[in-house]
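Subject: A structure to look through, with notes

Dear colleague,

I am handing over the structure we spoke about, and I would be glad if you kept it open while you read the notes that follow it.

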Amino acid sequence: MVNATKGVFISCDIPMAQYIINMNASLPASDKFIIHILDSTHMFVQPHVELMIRSQIAKFREDNTYVKPS
């Protein structure tokens, strides 16, 4: 019998994948969301965390964007 799991496929660069893996590692075991890491730039995560991941990445990018002083 085949077991299927619903999830979201994420494709990103290596630093962003490491950021997502670190987010997952910082959570308690009951809240971990990564289902499977396919390779260094692809992973499969639970569907209910997609918006949380998107918002955390947007916040990370905003916090780490250089704005030249005027």
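Predicted model: local features only at pLDDT ≥ 70, side-chain atom pairs only at ≥ 80, totals over all residues.

Residues are numbered from 1 along each chain as its sequence is written, and side-chain values use heavy atoms, with hydrogens and water left out.

Ile 53 lies in helix α2; helices (H or I, at least four residues) and strands (E, at least two) are DSSP runs, numbered from the N terminus. Leaving out residues up to four places away in sequence, Ile 53 touches Ile 10, Ile 20, Met 23, Phe 33 and Val 45, where contact means heavy atoms within 4.5 Å.

The largest nonpolar core has 15 residues, and those that touch the most other members are Ile 10, Ile 20, Phe 33, Met 43, Val 45 and Ile 53. A nonpolar core is a set of buried Ala, Val, Leu, Ile, Met, Phe, Trp, Tyr and Cys residues joined through side-chain atoms within 4.5 Å. At least two residues of this core come from each of β1 (8-11), α1 (14-25), β3 (42-45) and α2 (50-63), and α1 gives the largest share, five residues. In soluble globular proteins, nonpolar side chains tend to be buried together.

Turning to the strands, there is an open sheet of three, ordered β1-β3-β2 with antiparallel pairing, and two strands are said to pair if DSSP finds at least two bridges between them. The edge strands, each pairing on one side only, are β1 and β2 (34-39). Between β1 and β3, which run antiparallel, there are four bridges; in β3, Met 43 is the bridge partner of Ile 10, and Val 8 stands opposite Val 45. On β1, Val 8 and Ile 10 make up the covered face, whereas Phe 9 and Ser 11 make up the uncovered one.

How do the two helices α1 and α2 pack, and at what angle? Their axes are 11 Å apart and the angle is about 120 degrees, where axes are lines fitted to C-alpha atoms, for helices over the stretch in contact, and angles run from 0 to 180 degrees between N-to-C directions. That angle makes α1 oblique to α2, because angles under 35 degrees count as roughly parallel, over 145 as roughly antiparallel, 65 to 115 as roughly perpendicular and the rest as oblique. The contact involves Met 16, Tyr 19, Ile 20 and Met 23 of α1, together with Met 52, Ile 53, Gln 56, Ile 57, Phe 60 and Arg 61 of α2.

Apart from neighbours within four places in sequence, Asn 24 is in contact with Lys 32, Phe 33 and Ile 34.

With best wishes

Methods
Buried < 20%, exposed > 50% of the residue type's maximum accessible area, 1.4 Å probe, protein only.
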